[in-house]
Amino acid sequence: MERNGSYKEMWEHQHGFVTADDIQFVRIEPERLQKIPIFNSVEDSVLVDLASRFTTEKIGVNQVIFNQGELGNKLYIVVWGKVDIVLTTESGIEQRLATLTDGDFFGEMALLEDAPRNASVRAVADTTLLTLAKEQFLNLLDQYPALRIAFVKVADARSKENRESGFS
């Protein structure tokens, strides 16, 4: 941990989630939200408000979270589990673009744009997610202009990265 190595990185990915006794409800600590790039420059008071708005979803193995082409409606944070990001080409061939695990996030691009999802997401293990509905998120952006600025900056960088890799 002191050497900022792989172990510290894994610990930080998994740290910051709090469960109720029955593990049916998970909440995220504001400090953990700050480790997500889209929220790392946001004030503490905004993070407290934001953390209170997430809901818990349990996804079974092989369950599709959303399909390519659907309109985006949520931001997702993987609490525990594993999901694959899958692109289906025009010829119908599936290509795995990424595998996300504990502490990773996805779905942020669709929150700002009314554009179809550019890939599908499928659970490859039983997975617990924290989700933030688009309406909740847009309300936060209206309430906290600094959050909007930070979010647009990260979303623009992700869009550029996707274009450069041929994934749009």
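Reader: Why is Ser120 called buried?

Author: Ser120 is called buried because its relative accessible area is 13%, and buried means under 20%, exposed over 50% and partly exposed in between, with a 1.4 Å probe and protein chains only. Please keep in mind that this is a predicted model, in which local features need pLDDT of at least 70 and side-chain atom pairs count only at pLDDT 80 or more, while totals for chains, interfaces and linings use all residues. Residues are numbered from 1 along each chain as its sequence is written, and side-chain values use heavy atoms, leaving out hydrogens and water.

Reader: What is Ser120 in contact with, leaving aside its neighbours within four places in sequence?

Author: Contact means heavy atoms within 4.5 Å. With those neighbours set aside, Ser120 touches Phe66, Asn67, Gln68, Asp84, Ile85 and Val86. Its side chain also reaches the backbone nitrogen of Gln68 at 2.7 Å. A polar contact is a pair of N or O atoms within 3.5 Å; within protein, one must be able to donate a hydrogen and the other to accept it, and residues adjacent in sequence count only if both atoms are side-chain atoms.

Reader: Where is the place of Ser120?

Author: Ser120 belongs to strand 9, residues 120–123. Helices (H or I, at least four residues) and strands (E, at least two) are DSSP runs, numbered from the N terminus. The chain has 6 helices and 10 strands.

Reader: What makes strand 4 and strand 7 edge strands?

Author: The open sheet of 4 strands has the order 4-9-6-7, with antiparallel pairing. Strand 4 (64–66) and strand 7 (94–101) are its edges, as each pairs on one side only. Neighbouring strands of this sheet are turned by 30° against each other on average, direction ignored. Axes here are lines fitted to C-alpha atoms, for helices over the stretch in contact, and angles run from 0 to 180 degrees between N-to-C directions.

Reader: Why are the buried residues of helix 5 said to be on the same side?

Author: Helix 5 (residues 134–143) has Lys134, Phe137, Leu140 and Leu141 as its buried residues. They lie on the same side of helix 5 because they cover an arc of only 120° around the axis, the arc being that of the directions from the helix axis to the C-beta atoms. The face turned away from that side carries the exposed residues Glu135 and Asp142.

Reader: And Asn62, why does that residue count as exposed?

Author: Asn62 has 57% relative accessibility, so it counts as exposed. Asn62 lies in the loop between strand 3 (55–59) and strand 4, and has a positive phi of about 70° although it is not a glycine.

Key. Pairing = 2+ DSSP bridges.
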